[in-house]
Amino acid sequence: MPPSRTTRTPKAQVSRPVHTAPSDDQLRALHRQMVLIRRFEERAARAYAEAKVGGYCHLNLGEEATVAGLMAALAGSDYVYANYREHGYALARGISPERAMAELYGRTDGVSHGWGGSMHMFDLESRFMGGYGIVGGQVPLATGTALAIDYRGGTEAVMCLMGDGTTNIGAFHESLNIAALWGLPIVYVVNNNGLGMGTTVEQSSAEPELHKRASSYRMPSARVDGGDPVAVLEAARVALASARAGRPYLLETMTGRMKGHSVVDPARYRSPEEAAAARAADPVARFAADLRERGVLGQDEIERVDAEVTAEVSAAAAFADASPEPDVSTLFDYTYATPVPNDSRRLPGEALFPAPPRPHALLSAGGVR
Ligand SMILES: Cc1ncc(C[n+]2csc(CCOP(=O)(O)OP(=O)(O)O)c2C)c(N)n1
Ligand SMILES: [Mg+2]
């Protein structure tokens, strides 16, 4: 039983933390991270077209600044939950491009041993708690993790990522309500790319300024330019400091999606002008230009980073290609639920239930009247 909420130790007062601006080295690291996500995702799209990747595949193309900025604000001991658009978060959390690519290819060296695929990368060591395909599925789980931290008196925080469309799922509201009531150490991040699946925020959300939804739960919130990694990093630090002090936070990042919803989506619901505007707002090119202007990176360094990262991603693809496919006998090795609770694990095609007893056996046992 969790302790009564009224007897719990009061949380510290939230004050706006003072953060130092990122150093030149941190800026270069953010840039490299963004280039890695860009090149990895481009390679993933290519591998998908070559039929090396099965299932669905959603990319972070256009969200690189948001991903890099958010992940840079976290401590190694913090927990991250994401939706199915999670490759970039896995990379930024320190999962190697080799293990991430091998997972896309469904191979044993993948971060989820090849059984998760694009939407289900998971790595407890880096506290990357997954990849979820059910819209909003990660939100109550992340909230539960925050409750566990709080219950044990830990100092970690949880960051729970989601898209704009997720804010219309019931579990989003239930989670924010309970997190605010109980003062849980969690930051909910809504990456607002303006689009759900074949619909827009304006068409689907009565309050399209999604950060305002936090006010229903008396939760602090902010909206930030998701194309600027430094702005995202600073906003995320404020949000995390609030969460650690017992005031959960809702951060909305304004991002752009450079391609379709998933790799196979031709995105016909978008006008050519809208799609062109999203491509023109390219956060990787924007940040590189910004750093060049500020004298942090020269053009030659920008090209060198690109070449190094491209080679790293090609090596990851070669690694994935060479990794063996998992044996079917390991199908249930990494699941924690069975079709029937406490029932033994079975392979496809095996009977779920034992054959029912024949009627005369029941009659003789006096079981049927
Ligand atoms: C409960 C549930 N309903 C519907 C879907 C189908 N679906 C997959 S992604 C998606 C759109 C989600 O949009 P958003 O949260 O904005 O994320 P984005 O893809 O834009 O990053 C939908 C409706 C699903 N996976 N789960
Ligand atoms: Mg969206």
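Of the 369 residues in the protein, 44% are buried, in what is a predicted model. The secondary structure consists of 12 helices and five strands, and among contacts with a separation of 6 or more, 73% are between residues 24 or more positions apart.

Helix α2, spanning residues 64-72, is largely enclosed by the rest of the structure, because eight of its nine residues are buried. Those buried residues are Glu64, Ala65, Thr66, Val67, Ala68, Gly69, Leu70 and Met71. One partner of α2 is helix α1 (residues 24-49), whose axis comes within 9 Å of that of α2 and crosses it at roughly 130°, which makes α1 oblique to α2. On the α1 side the contact is formed by Leu30, Gln33, Met34, Ile37 and Arg38, which meet Glu64, Ala65, Val67, Ala68, Gly69 and Ala72 in α2; by class, this contact has seven nonpolar, two polar and two charged residues.

The table sets out the geometry of the two pairs.

| Helix pair | Axis distance | Axis angle |
|---|---|---|
| α1 and α2 | within 9 Å | roughly 130° |

As to handedness, α1 passes α2 in a right-handed crossing, and α4 passes α11 in a right-handed crossing.

Elsewhere in the chain, alanine 289 is found in helix α10, which covers residues 283-293. Alanine 289 counts as partly exposed because it has 13 C-beta neighbours inside 10 Å, a count that lies between the 12 or fewer of an exposed residue and the 20 or more of a buried one. The C-alpha atom of alanine 289 is separated by 9.0 Å from that of glutamine 299, a residue 10 positions away along the chain.

Finally, ligand 1 is surrounded by 14 residues, of which the closest are Val135, Gly163, Gly165, Gly196 and Met197. By class, the shell around ligand 1 divides into five nonpolar, seven polar and two charged residues.

Key:
Residues numbered from 1 in each chain as written. Chains lettered and ligands numbered in written order. Predicted model: local features only at pLDDT ≥ 70, side-chain atom pairs only at ≥ 80, totals over all residues. Near = placed C-beta within 6 Å. Nonpolar A, V, L, I, M, F, W, Y, C, P; charged D, E, K, R; others polar. Helix = DSSP H or I, 4+ residues; strand = E, 2+ residues; numbered from the N terminus. Axes fitted to C-alpha atoms, helices over the stretch in contact; angles between N-to-C directions. Parallel < 35°, antiparallel > 145°, perpendicular 65-115°, else oblique. Left-handed = near helix turned anticlockwise from the far one by under 90°. Contact = placed C-beta atoms within 7 Å.
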